[in-house]
Amino acid sequence: MMEGYWVWDPSVVKGEDGRYHMFASRWSKNLGFGNWVTNSQIVRAVSDTPAGPYTFEEVVFPARGKGFFDGYTTHNPRILQYGKQYLLYYMGTVYDFDVPHNRDDVWVDGRAQRAWMNKRAGLAVADSVYGPWKRMDHPVIEPRPGKWDASITSNPSPVALPDGSIYLMYKSSSKNHEPPLLLGAAMSKKSYKGPYERLSGSPVFSFHSSNKMDNDVEDPFVWYAGDHYELIMKDRFGHICGEEGGGIHATSKNGVNWKLSSPVKAYSRNIKWNDGTITRQANFERPFLLFENGKPTHLFAATGSGPEPYQVDKTWNMVVPLK
């Protein structure tokens, strides 16, 4: 938790200093929770251990103005070590109205939808986890008019492959923020610099039907397990794993053709604490696995307390040690 802020989007890397650096999103609690789309900024916090606590260090990406695709909002950070460099993928957006500064609901008056449509996946590069960060001036991948991914490119989940290529899963939709949200896959061969070329003309996950449009997934975390890909991601409406906002697991040989695991459920919004009590979190999403020596050791997720998803009184980034 961070006093005075909504906090979201945990992504952690062990820095060159041997400490653990969390890149996350924050926006003021003087604004509504839904203002992530208009007011979020990416920050860095640090801890001596993976489990924390993490102490705020800096704002990584301050707003840089309407001349840039990420001029007003940065969100969805995913940090990646790439040789001796660090790659920070994220979502950025810009919009044609004044930056909101009060608790007016930007989703009710339509401003959020306008900002949402400008979401693009971006990339920044640094030689140190402390920066300075060189932000690319253009998105790493753009929407394609008339295709399934015509609206946005967002929620980037990158994987550095042994040959230096970057596999990138991203979120989009054909029209707008209404379901179904869909996931695609792209590759930058033997470099992070691009071009990021689609591996398939179709989404790699498609669960919806004409009479059940609200059956979709988001927030993928993808990794490479030596000879295949694996992922965990959020089942938005619970039609796949049986729990709204629960997690599902899948595997793939090529990053395009994915097979759901059996059992499919990877995690739950029901959390067991050290004292044995169990709480049902309002949200448990944006999953991120920390790997050490090739094995996942900690699961991070954005969470909040409240009566139902997105009806939160406070939010924080949770860490769950894995057995």
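Helices (H or I, at least four residues) and strands (E, at least two) are DSSP runs here, numbered from the N terminus. By that count, the protein chain has two helices and 21 strands.

Some ground rules. This is a predicted model, where local features need pLDDT of at least 70, side-chain atom pairs count only at pLDDT 80 or more, and totals for chains, interfaces and linings use all residues. Residues are numbered from 1 along each chain as its sequence is written, and side-chain values use heavy atoms, with hydrogens and water left out.

Overall shape next. The C-alpha atoms fill a box of roughly 50 × 50 × 45 Å along the principal axes. For 323 residues, a compact globule would have a radius of gyration near 20 Å, and the protein chain agrees, with 18 Å. That radius is taken over C-alpha atoms, and the globule rule is 2.2 Å times the number of residues to the power 0.38.

Burial. Of the 323 residues, 56% count as buried. Buried means under 20% relative accessible area, exposed over 50%, and partly exposed in between, with a 1.4 Å probe and protein chains only.

Contacts. A contact means heavy atoms within 4.5 Å. Take those between residues at least 6 apart in sequence: 53% join residues at least 24 apart.

Now to one residue, S268. Where does S268 lie? In the loop between β16 (258-267) and β17 (270-272). S268 counts as buried because its relative accessibility is 19%. Leaving aside neighbours within four places in sequence, S268 is in contact with E243 and F284. With E243, there is a side-chain polar contact of 2.9 Å. A polar contact is a pair of N or O atoms within 3.5 Å; within protein, one must be able to donate a hydrogen and the other to accept it, and residues adjacent in sequence count only if both atoms are side-chain atoms. A polar atom of the S268 side chain also lies 2.9 Å from the backbone nitrogen of N270.

Backbone geometry last. Most residues other than glycine have a negative phi, and most peptide bonds are trans. Here are some exceptions.

The peptide bond from P179 to P180 is cis, omega near 10°. P180 sits in the loop between β10 (166-172) and β11 (182-188). The bond from S262 to P263 is cis too, omega near 0°. P263 is in strand β16.

Then positive phi. D9 has phi near 65°. D9 belongs to strand β1 (residues 5-14), and counts as buried at 1% relative accessibility. N293 has phi near 55°. N293 lies in the loop between β19 (283-292) and β20 (295-305), and is exposed, with a relative accessible area of 84%.
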